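Please keep the sequence and the structure in view while reading.

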Amino acid sequence: MTSDNPLLELEELTVSYGDVNAVRDVSIDITEGEVLSIVGPSGSGKSTLIRAIAGLEAVDRGQVTLAGQPVSSNSVQVRPQARDIGMVFQNFALWPHKTVRENVAFPLTADGVAAATVRERVSEVLSLVELDGYDERYPGDLSGGQQQRVAVARALAPDPSLLLLDECFSSLDARLKNRMLSELDRIQSEIGVTTVYVTHDQQDAMQIADRMAVLRDGTLQQVGSPVDVYRSPENGFVANFVGEINALSTDVLAQAFGHRVSSCLSEVGIRPEDLRLLPVAATDGDRRSVASEQEERTRGTIVEATFLGDQTRYEVRVNDVSLTVVEHPRKQFDEGSPVRVEFDRSALVEM
Ligand code: ADP
């Protein structure tokens, strides 16, 4: 659930370590109630950006505004504790010698909240993360997923207006991570807290984000809904980072499929799941078969077929071009089989 007011405004933000501009000129508005994921490869500036939002890094240029108040610029630096932000890190950062209750209560007690209110609030957030009854346990007695939920509860205890999550589920195994992401989704829809989630994993980013921001070398490449970013990537980097794509110059496309694709584009891409494979009938001797106006179609050979349960991945050779194709039905083509490869023109991605 989102409203139109930006809760968090990043304006031309630049953060440097000596000569290294870790974040360059990044501008994003994050709406109240929105979940924004920040995604990019290692070293692209994700942590620096989220740390700058938290007030853990000073900014060199630009401004961070939270709920209408400038909190970071080259003249303002509101300390992290005064920002109304909850943060969860990858390493959980729980105190091993404090109980779950004491860990979660800490930010409230440190703020001088009355003991009875603390008790009530701790029970409330432990219930929110489905850890009722774990109050007196120690972090060491909990599983990784449970510890992470305690860290989330602790971040949410003071009812912050902004929740920052820095690669916080990356150390969990895939199944547990998915569960945590769904839980986070549920918690977020229950309490509607504005959330910024940093991850190097584009699938995680897509799973929970209303919008995702893609970073490369400290610069923002694109911000948009997961569907927009996936379907209309701003450039080749985004297309490759967010999902897989067969990148083809129009020359190569012409070579593989005949001169049928508009030559105004220099490079286009096609997602592996947008290519279809059809069997070649014994009588289907022509290299090119008849295709409708909206389709491209040509002959190829299966070079490799990998069965992956819910999908089969094929490497298909079309003339001198190698294409990756993902099909969801059971494996149906063997290596060496001739196939027809086709796609709808509307599935081509400009890059
Ligand atoms: P990410 O979180 O995407 O992996 P970071 O924000 O950690 O990226 O790093 C961005 C860039 O800043 C990298 O080039 C990294 O080497 C550099 N960097 C990060 N932290 C420091 C630091 N404390 N001192 C110097 N350089 C740093």
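The model is predicted. Its largest nonpolar core has 35 residues, and the members that touch the most others are V88, V104, L156, L163 and F169. Two or more residues of this core come from each of the elements α2 (100-110), α3 (115-128), α4 (144-156), β7 (162-166) and α5 (174-191). Among these contributors, α4 gives the most, with six residues.

With neighbours within four places in sequence left aside, V88 is in contact with Q148, A151, V152, A155, L163, L164, L165, D166 and C168. In soluble globular proteins, nonpolar side chains tend to be buried together.

## The chain as a whole

The protein chain contains nine helices and 18 strands. Along the principal axes, its C-alpha atoms fill a box of roughly 85 × 45 × 35 Å. The chain has 351 residues, of which 49% count as buried. Its accessible surface is about 16,600 Å², and carbon and sulfur atoms account for 46% of that area.

Contacts can also be described by separation along the sequence. Of the contacts between residues at least 6 apart in sequence, 66% join residues that are at least 24 apart.

## The surroundings of the ligand

Which residues lie around the ligand? They are Y17, A22, P41, S42, G43, S44, G45, K46, S47 and T48. By class, this shell has three nonpolar, six polar and one charged residues. Helix α1 (residues 46-54) gives the most to the shell, with three residues.

For G43, a backbone N or O atom lies 2.7 Å from a ligand oxygen, and for S47 the corresponding distance is 2.8 Å. A polar backbone atom of S44 is 3.0 Å from an oxygen atom of the ligand. The ligand taken alone exposes 560 Å², and the protein buries 57% of that area.

## A partly exposed leucine

L56 is found in the loop between α1 and β4 (61-66). Is L56 buried, partly exposed or exposed? L56 counts as partly exposed because its relative accessibility is 35%, a value between the limits of 20% and 50%.

Apart from residues up to four places away in sequence, L56 touches R51, P80, M87 and F89. L56 and K98 are 42 residues apart in sequence, and their C-alpha atoms are 25 Å apart in space.

## Helix α9 and positive phi angles

Helix α9 (residues 250-257) has T250, L253, A254, A256 and F257 as its buried residues. An α-helix has 3.6 residues a turn, so residues three or four places apart point the same way. G258 follows α9 and has a positive phi, near 90°.

Most residues other than glycine have a negative phi. E167 is not a glycine, yet its phi is positive, at about 50°. D217, also a residue other than glycine, has a positive phi near 50°.

Both of these residues lie in loops: E167 between β7 and α5, and D217 between β9 (211-216) and β10 (219-224).

How values were computed:
Residues numbered from 1 in each chain as written. Predicted model: local features only at pLDDT ≥ 70, side-chain atom pairs only at ≥ 80, totals over all residues. Heavy atoms only, no water. Near = heavy atom within 4 Å. Polar contact = N/O pair within 3.5 Å; in protein donor to acceptor, adjacent residues only side chain to side chain. Areas by Shrake-Rupley, 256 points an atom, 1.4 Å probe, with all protein chains shown as cover. Helix = DSSP H or I, 4+ residues; strand = E, 2+ residues; numbered from the N terminus. Nonpolar A, V, L, I, M, F, W, Y, C, P; charged D, E, K, R; others polar. Core = buried A, V, L, I, M, F, W, Y, C linked by side-chain atoms within 4.5 Å. Buried < 20%, exposed > 50% of the residue type's maximum accessible area, 1.4 Å probe, protein only. Contact = heavy atoms within 4.5 Å.
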